[in-house]
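Hi,

Here is the structure I promised to pass on.

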Amino acid sequence: MRSFFLTPFRPFQEEKPLNNAAVIFILTTLFYFLGAMMRLVEELSLFWPLNAVMAGVFARYAFLHRWQYYLISYIAMLAYDAITTSWGTASLIINFSNMVFIITMAHLITWERSQMIKAPEPINALRLFGYCMFAALLCAFFGAIGSVGINGQGFLLLLADWFSEQFSTGVLILPCMLTMSWPREPLQFKARQLLPIGAVMVSVLASVVIGGAGSLAFPLPALIWCAVRYPLPLTSLVTLLTGGVEIMLVANGAINIFLGSPMEMPHMFSARMGIATMAICPVIVSVSVEKINRLIRQVSLRADFDFLTRVYSRSGLYEALNNDDKRFADKHVTVMLMDIDYFKSVNDNYGHECGDRVLAAFARKVQDALGERGIVARMGGEEFVVVAITADPDDGFTLAENVRHSIENYPFKWRQQTLHLTVSIGLSSGRTEAWALTEMFNELLAEADENLYRSKKQGRNCTTSSKDIVFADAPSQVSSGQ
């Protein structure tokens, strides 16, 4: 679940305790009234929103976690019962059970938020599911004790009734309470964006028409469609309304889950339709997850590869070393840090478009000269690095010279111009260890950087290793010809 939103409308303010107390009393009374209006004759309410709503209120505003505010909510419940029922002392226990749910859920969610400060992440829906189950069980225990003398049912039946009601309303209402926010801009929906909500309405209507136990599952695909298309607050609201409507329809016999359907269809029809509906839900989720994974792979690809030259980026090089550690670990490795000589003059004389083409062609030429012996990465600007597996330092030096000569002898074409480039290379070699591959690479890279500086100081177009072996052709500027 997402982090809690701050809204322009502030019903609670820490510096106004009297205002807070009044709002808590009014909210408790209002939602107690709504629950009582849905109370069946001589039975408990079929849908009781009060506990989940107040738990959400206390969870959203940490400064309300004071016994005085909880007591005000409890007094509001008792006052309403005193006026509208003849429960007497049973009301003390029943409303105490309501407070058990409210306080338990509020403190569990607040604790969850405190953990997010240490390691920020959204509230996990499965943990909220578990919290609702735990709070509902505690509430049901005390509620069943208080309700035994009201309608003549046994303790176990009352326990099951209380638990199922508290758990279902908690799961339906709390996600909406914890994510809802005041819209920053007027909501604007195009007709196509309303299709998921339309699908929910049609599926609920199908539940009424077809009936049977399987009909309750009909809205599932439409709700998952809402989850894919809408933000979390709106999805939570649609889910709450759908669940509440289905409970009302079942309670009033509009959705008959026990007998044949109004259309006199075989009872297996509803069961099969329900199973088919549930079966398609994992497919919808899987398709959505696959799209998300594909997007993640694309983002990762953009981060790991240099878009211009199509070789590894600096961060991508480290990822490649870590992911392909078996290839480079416990082997003799040569690191080449190379810099295109006088590359600035290419941009100055021919423009940046030409410079970009040269960088891309240079990277391809280095990779071709390297073959399967190593990998290439662009470190930035005109600087590239090669990590290659070699037999020994001399073999690494020979490979670097092959790369240098391939660049020197390759004519880069730009429109009607032919550019001849050279490259300076700093070299380092060493044997890697599987447990310290990255650290070893960093050391070799630093050493190669020093040798690259020496190559430039020697006049460019040369390779310098730590053995002070320098092979150089005559210093040259970038040349061009027709």
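**Around W48**

The side chains of W48 and N51 are joined by a polar contact of 3.3 Å (a pair of N or O atoms within 3.5 Å, where one must be able to donate a hydrogen and the other to accept it; residues adjacent in sequence count only if both atoms are side-chain atoms). Before you read on: this is a predicted model, where local features need pLDDT of at least 70, side-chain atom pairs count only at pLDDT 80 or more, and totals for chains, interfaces and linings use all residues. Residues are numbered from 1 along each chain as its sequence is written, and side-chain values use heavy atoms, with hydrogens and water left out.

You'll find W48 in the loop between α1 (17–37) and α2 (50–60); helices here are DSSP runs of H or I with at least four residues, numbered from the N terminus. Is W48 buried or exposed? W48 is buried, as its relative accessible area is 7% (buried is under 20%, exposed over 50%, partly exposed in between, with a 1.4 Å probe and protein chains only). N98 sits 50 residues from W48 along the chain, with 10.0 Å between their C-alpha atoms.

**Helix α9**

Helix α9 covers residues 232–251, and its end C-alpha atoms are 28 Å apart. Among the buried residues of α9 are P233, V238 and L240. After α9 comes G253, with a positive phi near 80°.

**I93**

I93 is in helix α4 and counts as partly exposed, at 34% relative accessibility.

Cheers

Terms used
Helices (H or I, at least four residues) and strands (E, at least two) are DSSP runs, numbered from the N terminus. The expected span of a helix is 1.5 Å times one less than its number of residues.
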